Amino acid sequence: MKNIKFIYLLLVAVGAMAFTACNKTEWTPGEADVTLGVYFPNDVVTTYQVESTETAITLPLMRSKSEEDAVATIRANDESGLFEVQASVPFAKGETEATLLIKFDGKELVAGTTYNILLQISGECASKYGYSEITVKVSVPEPWNDLGKGIYIDD
């Protein structure tokens, strides 16, 4: 009777080992990009707080094939109509990084409102292994209202 708990433990261990069996399939790499391989980097900043004096923000674009000069086409959806997104981004020969420019007039932006801009790299130049679509959020922080001095008491 004392050994019955060891028998149960042995059955659980054998059952767990049965579920960890794996098959012998060999890893094969995915097929190479046939396009330019343009993508947004993994660490791209997508949230911006801008001041009313600012007029532009920049985003990095990367590509995997850098043998020749190339131009990446960008599609943008801005419902507010306040932002002008660069429609095409040129890459120089041998360069793997370029900059996407988004222009705006900071004075037209309403404080406390977040504006969403959907950016998409067109399919003929987008990489299938990186981010080809992101949403950039631009906002102007609300101004600080100084209400004077006070006393804080913790009871």
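User: How many helices and strands does the secondary structure of the protein come to?

Analyst: This is a predicted model, in which local features need pLDDT of at least 70, side-chain atom pairs count only at pLDDT 80 or more, and totals for chains, interfaces and linings use all residues. Residues are numbered from 1 along each chain as its sequence is written, and side-chain values use heavy atoms, with hydrogens and water left out. Helices (H or I, at least four residues) and strands (E, at least two) are DSSP runs, numbered from the N terminus. The elements run α-β-β-β-β-β-β-β-β-β from the N terminus on, and the totals are 1 helix and 9 strands.

User: Why does the protein count as more spread out than a compact globule?

Analyst: The radius of gyration is taken over C-alpha atoms, and the globule rule is 2.2 Å times the number of residues to the power 0.38. The C-alpha trace spans about 80 × 70 × 25 Å along its principal axes. For 155 residues the rule gives 15 Å, and the protein is more spread out than a compact globule because its radius of gyration is well over that value, at 27 Å.

User: What percentage of the residues of the protein count as buried?

Analyst: Buried means under 20% relative accessible area, exposed means over 50%, and partly exposed lies in between (1.4 Å probe, protein chains only). Accessible areas come from the Shrake-Rupley method with a 1.4 Å probe, and for residues only the protein chains shown count as cover. The protein exposes about 11600 Å², of which carbon and sulfur atoms supply 55%. Of its 155 residues, the buried share is 28%.

User: Which residues form a nonpolar patch on the surface?

Analyst: Like charges are joined within 9 Å, and nonpolar side chains (Val, Leu, Ile, Met, Phe, Trp, Tyr) within 5 Å. One member, Ile 4, lies in helix α1 (residues 4–19) and counts as partly exposed at 39% relative accessibility. With about 430 Å² of accessible area together, the patch consists of Ile 4, Ile 7, Tyr 8 and Leu 11.

User: Which residue forms a salt bridge with Lys 128?

Analyst: Side chains of opposite charge can pair when their charged atoms come close. The count here comes to 1 salt bridge, and it links distant parts of the chain, 97 residues apart: the loop between β8 (114–121) and β9 (133–139), and the loop between α1 and β1 (38–39). The closest N and O atoms are 2.9 Å apart, and the partner is Glu 31.

User: Is the ring pair of Phe 83 and Phe 104 stacked, edge-to-face or tilted?

Analyst: Rings of Phe, Tyr and Trp (its six-membered ring) pair if their centres lie within 6.5 Å; planes under 30 degrees apart count as stacked, over 60 as edge-to-face and the rest as tilted. The structure holds 2 aromatic pairs. In one of them, the ring centres of Phe 83 and Phe 104 are 5.5 Å apart and their planes are at 55°, so the pair is tilted.

User: Where are Phe 83 and Phe 104 in the chain?

Analyst: Phe 83 is buried at 9% relative accessibility, and Phe 104 is buried at 6%. Together with Tyr 115 they form one aromatic cluster. The pair links distant parts of the chain, 21 residues apart, with Phe 83 in strand β5 (residues 83–85) and Phe 104 in strand β7 (residues 97–104).

User: Which residues does Gly 106 touch, not counting residues up to four places away in sequence?

Analyst: Gly 106 is placed in the loop between β7 and β8 and counts as buried at 1% relative accessibility. Contact means heavy atoms within 4.5 Å. Beyond the excluded neighbours, Gly 106 touches Glu 51, Ser 52 and Glu 54.

User: Is Lys 107 buried or exposed?

Analyst: Lys 107 also belongs to the loop between β7 and β8. Its relative accessibility is 69%, so Lys 107 counts as exposed.

Definitions and conventions. Patches are made of residues with over 30% relative accessible area and no salt bridge: like charges are joined within 9 Å, nonpolar side chains (Val, Leu, Ile, Met, Phe, Trp, Tyr) within 5 Å. A salt bridge is a side-chain nitrogen of Lys or Arg within 4 Å of a carboxyl oxygen of Asp or Glu.
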